[in-house]
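Biologist: Please take me through the terms applied to this model, and show in each case how the value meets the definition.

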Amino acid sequence: FNVISKYSKADFISLNRSELNLEERNRHCKLEESIAHVSKKMSCPRILITQGKSGNIYFDANEGFVETPAFATQVLDRMGAGDAVISLSSLCAFQGAPKEVVGFIANAVASQAVATVGHRRSIEPVPLYKHINTLMK
């Protein structure tokens with residue numbers, strides 16, 4: 001139950017919706033307002049909020065908000081999906097990828113992560129590239 005404001009500053013934050021609500025101490029807050037508030041409070045220009053089957057919403061202080069739908073067709077286990085999401089989306093954000101790309105990559109990785117029970121397999125580059133190629137068609 002540690003909230004993100006435990007840290008004083010961040011360059012990139014990735015949370016799920018319930019973690020954001022916990023940070024804001026409000027279950028019924030408006031999503032975009034909460035994200036903007038946390039961004040300002042943490043001096044964080046980039047925030048990704050995952051929302052399960054509702055996809056994600058990404059905020060970039062320079063570019064604004066973008067929502068990306070979920071791509072998962074089969075959910076076997078959510079364990080570790082957030083770790084997979086932050087590992088690749090943070091790299092995209094750090095490189096200055098457009099906001100649409102960050103949200104897209106996050107959901108592509110998430111869809112692969114939730115299709116695996118536990119930590120039986122890691123996200124491998126070649127299957128991820130093939131998955132992204134399929135999504136782009």
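Modeller: Two strands are said to pair if DSSP finds at least two bridges between them. Please bear in mind that this is a predicted model.

Biologist: What is the bridge partner of I57 in β4?

Modeller: The partner of I57 in β4 is E67. In β4, F65 is likewise the bridge partner of F59.

Biologist: How do you know that β3 and strand β4 pair?

Modeller: The two strands, the latter spanning residues 64-68, are joined by 5 bridges and run antiparallel. At least two bridges are required, so β3 and β4 count as paired. They form a hairpin, with 3 residues between them.

Biologist: What makes strand β2 and β3 a pair as well?

Modeller: Strand β2 (residues 46-50) is linked to β3 over 5 bridges in the antiparallel sense. The criterion is at least two bridges, so this too is a pair. L48, for example, has Y58 as its bridge partner in β3. The hairpin of β2 and β3 has 5 residues between the strands, and G52 in its turn has a positive phi of about 60°.

Biologist: Which strands are the edge strands of the sheet?

Modeller: The sheet is open, has 4 strands in the order β1-β2-β3-β4 and shows mixed pairing. β1 and β4 are its edge strands, since each pairs on one side only. From one strand to the next, the twist averages 15°.

Biologist: Why is S14 counted as buried?

Modeller: S14 has a relative accessibility of 18%. Buried means under 20%, so S14 falls in that class. The residue lies in strand β1 (residues 13-16). Leaving aside neighbours within four places in sequence, S14 contacts L48, V85 and I86.

Biologist: What makes strand β3 mostly covered?

Modeller: In β3 (residues 56-60), 5 of 5 residues are buried. Both faces are covered: N56, Y58 and D60 lie on one side, I57 and F59 on the other, and all are buried.

Biologist: Which residues touch the most other members of the largest nonpolar core?

Modeller: Of its 22 residues, these are L48, Y58, I105 and I132. At least two residues of this core come from each of α3 (81-94), α4 (99-113) and α5 (125-136). α4 gives the largest share, 8 residues. Apart from this core lies another, of 13 residues, among them A10, L20, L31 and M42.

Biologist: Which residues does L48 touch, not counting those up to four places away in sequence?

Modeller: L48 touches F12, I13, S14, L15, N56, I57, Y58, V85, S89 and A106.

Notes: Residues are numbered from 1 along each chain as its sequence is written. This is a predicted model: local features need pLDDT of at least 70, side-chain atom pairs count only at pLDDT 80 or more; totals for chains, interfaces and linings use all residues. Side-chain values use heavy atoms; hydrogens and water are left out. Buried means under 20% relative accessible area, exposed over 50%, partly exposed in between (1.4 Å probe, protein chains only). Contact means heavy atoms within 4.5 Å. A nonpolar core is a set of buried Ala, Val, Leu, Ile, Met, Phe, Trp, Tyr and Cys residues joined through side-chain atoms within 4.5 Å. Axes are lines fitted to C-alpha atoms, for helices over the stretch in contact, and angles run from 0 to 180 degrees between N-to-C directions.
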